[in-house]
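Please have a look at the structure first.

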Amino acid sequence: MNSYEDLQDEACKDGVNVIDYPFESQRIRGLYCDGTVAIRHDMTTIEKSCVLAEELGHYHMTSGDILDQDVVANRKQEHLARLWAYDKRVGLSGIILGYRKHCHNLHELADCLEVSEEFLKEALECYREKYGCYTELDGYAIMFEPRLAVVEKI
């Protein structure tokens, strides 16, 4: 897994500076611009890790100013950055890990993966859109509908 500290180390290795910042707007949780990620200073470490993952997704997957989400191309880039973050912090392997650690609900899975429940729910919805009702990985079937379930294939 990638803790907040792990993501900070990764950012540093990539030449990306990460700073805590007191954004005036409560809506802004993080921004990436020109090799620097600014993270809202008053969030929990788990929230910061989710936001940093998304901002690193912007570093790796997007280009230019994509703040105007009325532009289709900008929404596509935002989606790519978020998918990168979901794969980094949750991933199909993380869902399987939660199954193997006997997580029984989304709260337990989020706790196991050290992500917020909101981030986990968004990741699962993204995976459902990407994979459909289910997908398979390493001898497991991961079902997204009607609810999240993991089955070990025999």
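The largest share of the negative patch, 3 residues, is supplied by helix H1. This is a predicted model, in which local features need pLDDT of at least 70 and side-chain atom pairs count only at pLDDT 80 or more, while totals for chains, interfaces and linings use all residues. Residues are numbered from 1 along each chain as its sequence is written, and side-chain values use heavy atoms, with hydrogens and water left out.

The patch of negative charge on the surface gathers Glu5, Asp6, Asp9, Glu108, Asp111 and Glu114; by patch I mean residues with over 30% relative accessible area and no salt bridge, like charges being joined within 9 Å. Two or more residues of the patch come from each of helix H1 (4–13) and helix H5 (106–113), helices being DSSP runs (H or I) of at least four residues. Glu108 lies in helix H5 and counts as partly exposed because its relative accessibility is 32%, where buried means under 20%, exposed over 50%, and partly exposed in between, with a 1.4 Å probe.

Turning to the cysteines, how many disulfides are there? With a disulfide taken as a pair of cysteine sulfur atoms within 2.5 Å, the count comes to 0. Cys50 is in none, the nearest cysteine sulfur being that of Cys112, 14 Å away, and Cys50 is buried, at a relative accessible area of 3%.

How values were computed:
Patch = residues over 30% accessible without salt bridge, like charges linked within 9 Å, V, L, I, M, F, W, Y side chains within 5 Å. Areas by Shrake-Rupley, 256 points an atom, 1.4 Å probe, with all protein chains shown as cover. Salt bridge = Lys/Arg side-chain N within 4 Å of Asp/Glu carboxyl O. Lys, Arg positive; Asp, Glu negative; His and termini not counted. Charge placed at Lys NZ, Arg CZ, Asp CG, Glu CD.
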